[in-house]
Amino acid sequence: MTSLTISEVNSLDDNQFETVFGNVIEHCKSAPVMIKKLRPFKNVNELCDAFQKYLDDINEEEKLAVLKSHPDLAGRLAQQGELTPESTEEQRSAGLNDLTEEQKRIMDDRNKRYKSKFGFPFIICARENKLQSILSGLQHRYNNNYNQEVETGINEVKKICKLRILNIVTE
Ligand SMILES: NC(=O)N[C@H]1NC(=O)NC1=O
């Protein structure tokens with residue numbers, strides 16, 4: 001991905017903006033459609049804040065759709081090489097492409113258990129974690145209630161989003 005300055009971001013045409021920022025929230029094309037209208041941004045932090053505010057302002061149903069659009073960590077899509085490029089890189093950075101069969105089985109069991117309780121996948125910012133913290137997150141967040149996990153999941157999506165934006169836009 002080429003690096004853009006904030007003034008280049010401000011002068012992208014609408015289609016380019018939607019394409020460039022079309023996966024800073026995984027599979028969420030409607031975010032850049034809204035956010036392009038808020039230009040110009042003074043700096044990358046303002047741009048990040050706009051995406052975070054988008055995530056705060058969407059309704060519960062839309063939040064669930066965002067959560068459900070995320071792939072499992074070290075799950076089926078990862079095994080089949082069908083992750084988005086962003087997610088591939090994030091999962092790789094946490095070492096998830098290099099698990100033993102036993103580690104895969106534990107991850108898989110905990111992901112399934114989590115998803116069957118909450119109805120959406122366990123989401124954590126992989127670039128800020130490693131296997132052990134992901135597995136322990138899967139363990140202890142399972143005990144949270146539904147509303148806590150919707151909130152925690154969206155907060156993790158915000159962290160993922162910010163790091164994805166910082167990969168695109170120079171500070
Ligand atoms: N399930 C989940 O957390 N997925 C993600 N996390 C992350 O950092 N990238 C993802 O795709």
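In which helix is the place of S87? S87 lies in helix α7, which covers residues 85-93; helices are DSSP runs of H or I with at least four residues, numbered from the N terminus. The model is predicted, so that local features need pLDDT of at least 70 and side-chain atom pairs count only at pLDDT 80 or more, while totals for chains, interfaces and linings use all residues. Residues are numbered from 1 along each chain as its sequence is written, and side-chain values use heavy atoms, with hydrogens and water left out.

S87 counts as buried because its relative accessibility is 4%, where buried means under 20% relative accessible area with a 1.4 Å probe and protein chains only. Apart from its neighbours within four places in sequence, S87 is in contact (heavy atoms within 4.5 Å) with E26, P71 and R164.

Beyond its neighbours within four places in sequence, F21 is in contact with V9, L12, P32, L47, F51, I168 and V169.

## Packing of α8 and α9

The axes of α8 and α9 are 10 Å apart and the helices pack at an angle of about 30°, the axes being lines fitted to C-alpha atoms over the stretch in contact, with angles from 0 to 180 degrees between N-to-C directions. Residues of α8 including I106, M107 and Y114 meet residues of α9, among them L131, I134 and L138.

How values were computed. Helices (H or I, at least four residues) and strands (E, at least two) are DSSP runs, numbered from the N terminus. Buried means under 20% relative accessible area, exposed over 50%, partly exposed in between (1.4 Å probe, protein chains only).
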